[in-house]
Amino acid sequence: MTAPFHKTLRKHALALVTLLALAAAPFLGFGDGFALSLLARAMILGMAAVSLSLLVGGAGLVSLGHAATMGIGAYTVVAFDAAGISEGLIVFPAAIAAAAAYALVTGAVSLRTSGVHFIMITLAFGQMAFFTTSSFSSLGGDDGYTLYARTEWLGTRILDSRLTFHFLCLGLLALVWVGGGLLLGSRFGRVLRAARENPQRALAVGFQPYPYRLVAYVMAGAVGGLAGALLANATEFVSPALLSWTRSGELLFMVILGGVGQLGGAILGALAIVLLEESLSHLMVYWRLVFGPLLVLSVLFLPDGLVGAPLRLRAAFRFASPKRRNADA
Amino acid sequence: MPDPLLELRGLSKNFGALTVTSDVSLTVLPGEIHAIIGPNGAGKTTLIHQISGTLRPDRGTIRFAGQDVTALPFERRARLGLARSFQITSIVPGFTALENVALAVQARSGSSFRFLRPVAGEAALNAEARAALDTVGLGRVADRGAAALSHGEKRQLELAIAIAMNPRLLLLDEPLAGAGPEETERLIGILRALRSRYGILLVEHDMQAVFALADRISVLVYGRVIVTGTVDEIRGHPEVRTAYLGEDALA
Amino acid sequence: MSMLLVQALNGLQFGVLLFLVAAGLSLVFGVMDLINLAHGVQYMLGAYVAATLGVWTGSFWLGALLSLPVALLVGLALEWLVFRHLYRRDHLSQVLATFGVILTVEEATRALWGSAPQTVLEPSGLTGGPMGGVEIVAGLIYPTYRLVIIGVGIVVPLLLWFLVERTRAGMLVRAGATHPAMVSALGVDIRRLFTVVFAFGAMLAGFAGALASPIFPVAPGMGDTVLILCFVVIVIGGVGSIRGAFIAALLVGLLDSVGRAMLPDLLRLVLDPSSARQTGAALASMLVYIVMAAILFFRPAGLFPGGRSA
Ligand SMILES: Nc1ncnc2c1ncn2[C@@H]1O[C@H](COP(=O)(O)OP(=O)(O)O)[C@@H](O)[C@H]1O
Ligand SMILES: [Mg+2]
C-alpha cells in the first residue's frame with residue numbers, strides 16, 4: 001500500500017526542486033569560490049538539520065544540543081590532523097563514531113526525561129562539550145585550530161576541488177534526506193512516531209519507546225558527526241564556536257523554519273538561514289538586529305514553516321475574500 | 001476447574017490517606033468474562049491500572065498465566081498477552097485506523113529494529129490488522145485518519161487494537177461508555193464472540209450489557225470486593241440491591 | 001585549607017546569584033508553562049545598566065538601585081511584545097522565539113556598548129575602603145562586598161518563601177502553577193497574575209546582574225552562561241520547586257568554584273603539571289554537568305519534584 005509515485009513526488013516537490021537547484025547552481029553563475037563555499041556550508045548544515053528534524057519531527061525529541069555532535073565530528077578531524085593523519089577512510093569513520101558515541105552516552109541519560117527537561121538537559125550536555133573543546137589547549141583552545149590540509153582519500157586530494165566537494169556534499173545531503181525518509185516510514189519509524197504522538201499507546205501494545213529513541217538519537221548524532229567532519233573540511237578551521245549553544249539554536253531554527261512535518265523542510269530552512277545571514281551581514285554591521293526579530297516573527301506567524309507557507313497564504317486569501325467567506329458561513 | 005488466567009491476591013493501593021484498592025483477590029478463568037461493577041470512584045480504573053502495570057500496588061501479588069507479573073512493567077505484560085483498553089480513548093491520532101492496529105500486530109511479529117523497508121507495504125501486518133478491524137466492524141474506515149473517527153468508532157478501534165495484540169486476557173475499562181444503542185448492540189455481540197478466545201475482565205456501567213455477558217460478577221465498593229457471584233446471585237444479593245444497583249437497574 | 005574556604009565562599013556567592021536568576025525562570029515556567037531562554041538577557045541588562053548608571057551617577061549603589069526599574073520595564077516590554085503570544089504555544093516555539101529575542105537584545109547591547117567588557121565602579125562605603133575586606137579567620141581577608149552578596153542571597157530567598165507561601169498573591173501563584181483553569185474560574189485575572197510574576201522574575205534577574213557586575217566581566221553573552229547554569233539548577237532541583245532551586249543553585253555554585261580551584265591541583269598528584277592543568281580545567285568545566293547527569297540518572301525528575309510536571 002505504498003503511495004503512488006506522483007503523490008510522493010508532489011509531497012516532496014519543494015525539497016526536490018531545492019536539491020536540483022543546488023546541483024545546477026555551479027553552472028548558473030554560482031561557480032566561484034565564494035558562492036561554492038557558501039553553498040557547501042548550507043548543504044552541510046542542512047544535513048545536520050535533517051538529522052535534527054528526524055529527532056524533532058519524527059521522534060518528538062527537541063534537542064537543543066545538536067551542534068555538539070557536529071563539533072565533535074569536526075574536532076575529530078582536527079585531532080587527527082594534529083597527529084598528522086588525514087586519510088579519509090580513517091578520519092571520517094572516526095568522526096562519525098565519536099559523535100555517535102557522544103550521542104549514546106548523553107542520550108542514555110537525557111532520554112530518561114521528557115518535555116522541557118529534555119530540552120534543558122540536551123542544552124547542558126552541549127555546553128559541556130563546548131567547554132571541553134575550549135580547554136583543549138593543544139588544539140588551539142578558545143582560538144580554534146586551522147586545518148593543515150583537507151582530508152585525503154586513499155592518498156589523493158580530491159576534496160581540494162571545490163566542485164568535487166560541492167557534489168560530495170550534495171550527494172550526502174540527498175542520501176541523508178532519502179535515508180531519513182525511509183527510516184520514518186519503516187517499522188522502526190512507525191514505533192518512533194507512535195511514541196511521539198501517544199507514548200501510552202505505544203506501551204500498551206508492548207513497545208517501550210526508550211531503546212527506539214536512543215537508537216534514533218545515536219543515528220542523528222552520527223549524521224551530525226559526518227556533517228561536522230565535512231564542515232571542518234569546508235572551512236578548514238574549527239573552533240569551539242561551532243559547538244556553542246547558539247549554533248544548536250540555529251539548527252533547531254532551520255528545522256522549524258523549513259517546517260517540522262517534513263524532513264525536506266530542514267534543507268530549505270538551512271539554505272534560507274545561511275543565505276539570509278550572509279546577505280544581512282554584508283549589508284550591515286549589527287545584522288542580528290534584523291535577523292533576531294525575523295526569527296521571532298517567523299515563529300509567531302509561520303507555525304508550519306516555509307513548507308506550509310503556501311497553504312497558509314492560500315487560506316488567508318480565502319478568508320480575506322468576502323464572497324468566499326459568505327459561501328463558507 | 002482450570003488454572004486461572006489471572007489471579008489477584010490481597011491487592012491493596014492507597015493514594016495518600018485514600019484507600020482505593022483494599023485487599024482485592026479475584027480470578028479470571030480462560031474463556032470467562034468476569035465483570036467488575038461498582039459506583040463511580042469505587043476504584044475500578046485503578047484496579048485495571050494495577051493489573052495492566054501502569055500503577056504499582058502497595059501490597060499483594062498479580063499472577064498472569066502462571067507467572068508472577070507484579071514487578072513487570074506495562075509493556076512487558078502487554079507482550080505476555082495482557083491487552084487493555086482505556087476508559088479515556090487512547091489511540092494514535094495521526095495514524096490511520098489501519099496503522100493503529102498494524103502497530104499492535106507489528107509488536108508481536110518480529111523485530112521492529114528494521115530501518116529501511118516501508119512498513120506501510122508489509123502485507124502480512126496489514127492483513128492481520130484488517131482482520132481485526134473487520135471483527136469490530138471498522139473495515140470500511142480502515143484508511144481514514146484515526147482523529148477523524150466518531151467517538152464510537154474510536155472505542156471500537158481500541159478494541160480492534162487490543163484484539164490485534166492476540167492477547168490471552170482483555171482488560172476492558174468501560175468499552176461501552178458513550179456508545180449509542182446501535183453501537184452498544186454490536187459491541188455486545190463482538191464481546192460475546194470474543195469470549196471463547198480470551199479471558200475478559202470487563203469494567204462496565206451498562207447493567208444490561210453486564211448481565212448479558214458476564215459469567216461472574218464482582219461488586220467493588222470503596223476499593224473492596226463486597227461480593228463475587230454469578231449473574232443470578234448478584235441480581236438477588238440484598239446488599240448489592242441496596243448499596244449499589246437500585247431497583248430500576250434490575251427492571 | 002583557607003584556600004578551600006575562600007573557594008567555598010566564592011561558590012556560595014555564585015550559587016546565590018544563580019538562584020536569583022533561576023527563581024524567576026522557575027516561577028515563570030511553573031505559573032505560565034513558558035520556557036524563557038531570554039531570561040538571561042535580563043541578567044545581562046541588569047549588569048549593563050548598573051555599570052553605566054553607576055559611572056554616570058558616581059555611585060555603584062545608585063546604579064544598582066536604578067537598574068531595577070529598568071530591568072522591570074524591559075521585562076514588561078518584552079512580555080507585551082513577544083512572550084504573551086507564546087503562552088499557548090508549544091515549548092519548541094517558545095524556545096525558538098525567545099532565542100530570537102536573545103540574538104536581538106545581545107546585538108543591541110553590542111551596538112550600544114560595544115563588545116569590550118564595561119568598566120564598573122567599585123561598590124564604596126564598605127569597611128576598609130572600596131572593595132574592603134573582612135578578616136574571617138586569622139590571616140584570611142575576604143572582600144566585604146562578596147559577603148554582602150551572600151547575605152542578600154539569604155534574605156531574598158526567605159522573602160520569596162514568605163511571598164509564595166504566606167500571602168494571597170503567593171497562594172494564587174502556587175494554585176496557578178498546578179490548576180490554571182481553576183484559578184481563572186475563581187475570577188482571578190490570570191493575565192494580570194502572569195504579568196506580575198513575569199515582571200517580578202525579570203527584576204530578580206536584573207538585580208542579580210547588578211550585584212554580579214563588580215565581580216564578573218560585564219560583556220555581551222554573560223547572560224548565556226548564567227542561563228544555561230540556571231537550567232542545570234532547575235533540572236537538578238526539580239522544575240517548579242523554589243526550595244529545590246535554592247539547594248541546587250548552591251550546589252552548582254560550590255561545585256563550579258571549588259572544582260575549578262581544586263581539580264588541577266588534585267590531578268597534579270597523578271599527572272605531570274601541564275597535562276594536569278589541561279585535564280583539570282576540562283574536568284572542572286564538565287563537573288557541574290557530570291553531577292547533573294548522575295543526579296538525573298537516579299532521579300529523572302530532579303531532587304525535589306513538584307509543581308507542574310515537565
Ligand atoms: N492518581 C491519583 N491520585 C489520587 N487519587 C486518585 C488517583 N487516581 C484516582 N484517584 C481516586 O481514586 C478513586 C478511585 O478512582 P477510579 O479508580 O478512577 O474509580 P472508578 O474507575 O471506579 O470510577 C477516586 O476517588 C479517585 O478520585
Ligand atoms: Mg473508571
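The legends below describe close-up views of a predicted model.

**View 1. Overall arrangement of chains A, B and C.** Two pairs of chains are in contact, and chains A and C share the most contacts. Chains B and C do not touch, and their nearest C-alpha atoms are 16 Å apart.

**View 2. Chain A as a fold of 15 helices and two strands.** The radius of gyration of chain A is 20 Å, close to the 20 Å given by the globule rule for 329 residues, so chain A is as compact as a globular protein of that length. Taken along the principal axes, its C-alpha atoms fill a box of roughly 70 × 55 × 40 Å. Of the 329 residues in chain A, 57% are buried. Among the contacts in chain A between residues at least 6 apart in sequence, 76% join residues at least 24 apart.

**View 3. Chain C as a fold of 11 helices and two strands.** Along the sequence, the elements of chain C follow the pattern α-α-α-α-β-β-α-α-α-α-α-α-α. Chain C has a radius of gyration of 20 Å, close to the 19 Å that the globule rule gives for 310 residues, so it is as compact as a globular protein of that length. The C-alpha trace of chain C spans about 65 × 50 × 40 Å along its principal axes. Buried residues account for 53% of the 310 residues in chain C. In chain C, 76% of the contacts with a separation of 6 or more are between residues 24 or more positions apart. Chain C exposes about 12,800 Å², and carbon and sulfur atoms supply 70% of that area.

**View 4. The magnesium ion (ligand 2) and its protein donors in chain B.** Thr45(B) is in helix H1 (residues 44–52) of chain B, while Gln87(B) is in the loop between strand E6 (82–84) and helix H3 (97–107) of chain B; the pair is 42 residues apart and links distant parts of the chain. Thr45(B) is partly exposed, with a relative accessible area of 24%. Gln87(B) is also partly exposed, at 33%.

**View 5. Arg187(A) and its contacts with chain B.** Arg187(A) belongs to helix H8 (residues 187–197) of chain A. Its relative accessibility is 3%, so Arg187(A) counts as buried. Leaving aside residues up to four places away in sequence, Arg187(A) touches Gln106(B), Ser109(B), Gly110(B), Ser111(B), Ser112(B), Arg114(B), Arg117(B), Val119(B), Glu122(B) and Leu125(B).

**View 6. Aromatic pairs, with Phe19(C) and Phe246(C) as one example.** The structure holds 21 aromatic pairs over all chains. Phe19(C) and Phe246(C) form an edge-to-face pair, 5.2 Å centre to centre with 85 degrees between the planes. Phe19(C) lies in helix H1 (residues 2–32) of chain C and Phe246(C) in helix H10 (residues 242–268) of chain C, so the pair ties together parts that are 227 residues apart in sequence. Phe19(C) is buried at 2% relative accessible area, whereas Phe246(C) is partly exposed at 25%. Elsewhere, ring pairs link Phe188(A), Phe207(A), Tyr212(A), Phe113(B) and Phe115(B) into a cluster.

**View 7. Arginine residues over phenylalanine rings.** Arg112(A) lies over the face of Phe297(C), 4.7 Å from the ring centre. In chain B, the charged end of Arg235(B) sits over the ring of Phe211(B), at 4.4 Å from its centre.

Key: Residues numbered from 1 in each chain as written. Chains lettered and ligands numbered in written order. Predicted model: local features only at pLDDT ≥ 70, side-chain atom pairs only at ≥ 80, totals over all residues. Heavy atoms only, no water. Donors = N, O, S within 2.8 Å, 3.2 Å for Na, K, Ca; no water. Helix = DSSP H or I, 4+ residues; strand = E, 2+ residues; numbered from the N terminus. Buried < 20%, exposed > 50% of the residue type's maximum accessible area, 1.4 Å probe, protein only. Phe/Tyr/Trp six-rings, centres within 6.5 Å; stacked < 30°, edge-to-face > 60°. Lys NZ or Arg CZ within 6 Å of the ring centre and 35° of its normal. Rg over C-alpha atoms; globule rule 2.2 N^0.38 Å. Contact = heavy atoms within 4.5 Å. Areas by Shrake-Rupley, 256 points an atom, 1.4 Å probe, with all protein chains shown as cover.
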